[in-house]
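User: I'd like to learn how to read features off a model. Can you walk me through one?

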Amino acid sequence: NDLVFSGVQPTGNLHLGNYLGAIVNFVKLQSRCACIYCVVDLHAITVWQEPAELRKSIREVAAAFIAAGIDPKAHIVFNQSQVPEHAELAWVFNCVARLGWMNRMTQFKEKAGKDRENASLGLYAYPSLMAADILVYRATHVPIGEDQKQHLELTRDIAQKFNNDFKTDIEAAGFADGQFFPLAEPLITGPATRVMSLRDGTKKMSKSDPSDYSRINLADDADTIAQKIKKAKTDPEPLPSEEKGLEGRPEADNLVGIYAALAGTTPAAVLAEYGGGQFSTFKGALIDLAVAKLGPIGAEMKRLTSDVTYIDGILADGSARARVLASETMRHVKEIVGFVGT
Ligand code: AQP
């Protein structure tokens, strides 16, 4: 049976990249799979978070899930820290994964930057916790943006090594095919799997970019969205009429991609309409489109986050339901690994 798991970090400024690269797909998958969507607060603290801000961001991500159309009754929406089995399984995976595997992770290198000695141990072990998030539910499919592909490959490596290392005990525990953990498949299929910064078309749109003008936040109001698109970096040439004309023009490529994703069409169709014209005309149309699509989500997020009791209730209910599933997996893992207890 297909089971979908994915997570979003509550690190503030949920943006268009998170929406188009991940959340839109979360919403779509609901009609054909059981889905578990997690606010990954344990991941968030791998870099410093002000506690008051973290609380706000956790509720904001939960609100964004619901505002975007995720049904927390039919599926599960919860926050990671409330299901201790994530951290518990991550420890087992820390002992399965190899240092050499972790050393290859490009996200750690990017986030740790030059001052690597000062990065948290948690940031380094992040992919091991991500593997635990997915595998504690024995999930089969993981919708993610392009940037998480390498971590998902590591999740598969960890699952495979666990299955191999403990083959005999997995079979003894009643899993005759020896495949205790599934090799979860990435779903990198969205309308825009890699949305780039509005200030630099070669850098991905990111929550942690110090410039707020680099991204469109889901919570931005119409005026802010308009300002950011007006100020978005472009080049002096008019838009090309065909897609190959976007080569070597990362900013133009990105804006056309965003338009196509929001309109549910292709870059070729966008260029057929706006090609040959000035950026200002295209940007005007993009502003109208972005405001029409994102405005209602932002407004609903605002309404939901003002009702803390409601959001906290959703998270508590989701955590309780997630915990039932996660504790069942951990019961087997403890037996398979050789821990003694009831
Ligand atoms: N620019 C992007 N384009 C497409 N997808 C993206 N995602 C993130 N940025 C883009 C996808 O959103 C999901 C949630 O991401 P996350 O918050 O868990 O982690 P992240 O990838 O580290 O997000 P950010 O915004 O870049 O945060 P910081 O700046 O803190 O690192 C994931 O599926 C991700 O692929």
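Analyst: Let's start with Asp133, which sits in helix α7 (residues 121-135); helices here are DSSP runs of H or I, at least four residues, strands are E runs of at least two, and both are numbered from the N terminus. This is a predicted model, where local features need pLDDT of at least 70, side-chain atom pairs count only at pLDDT 80 or more, and totals for chains, interfaces and linings use all residues. Residues are numbered from 1 along each chain as its sequence is written.

User: Is Asp133 buried or exposed?

Analyst: A residue is buried if 20 or more other C-beta atoms (placed from the backbone) lie within 10 Å of its own, exposed if 12 or fewer, and partly exposed in between. Asp133 is buried because 26 other C-beta atoms lie within 10 Å. Leaving out residues up to four places away in sequence, Asp133 touches Phe5, Gly7, Cys38, Val40, Gln80 and His86; contact means C-beta atoms, placed from the backbone, within 7 Å. The unreviewed UniProt entry lists Asp133 under "binding site", though such annotations may be inferred rather than shown by experiment.

User: And what would an exposed residue look like?

Analyst: Take Thr281, in helix α13 (residues 279-305). Thr281 counts as exposed because it has 12 other C-beta atoms within 10 Å.

User: What about the nonpolar core: which residues have the most contacts inside the largest one?

Analyst: In soluble globular proteins, nonpolar side chains tend to be buried together. A core here is a set of buried Ala, Val, Leu, Ile, Met, Phe, Trp, Tyr and Cys residues joined through C-beta atoms within 7 Å. The largest has 97 residues, and Ile36 and Ala62 have the most contacts inside it. That core draws at least three residues from each of domain 1 (3-193 + 308-337) and domain 2 (219-303), with bounds from an automatic or database domain assignment. Among the residues Ile36 touches are Val4, Phe5 and Tyr137.

Definitions and conventions: Contact = placed C-beta atoms within 7 Å.
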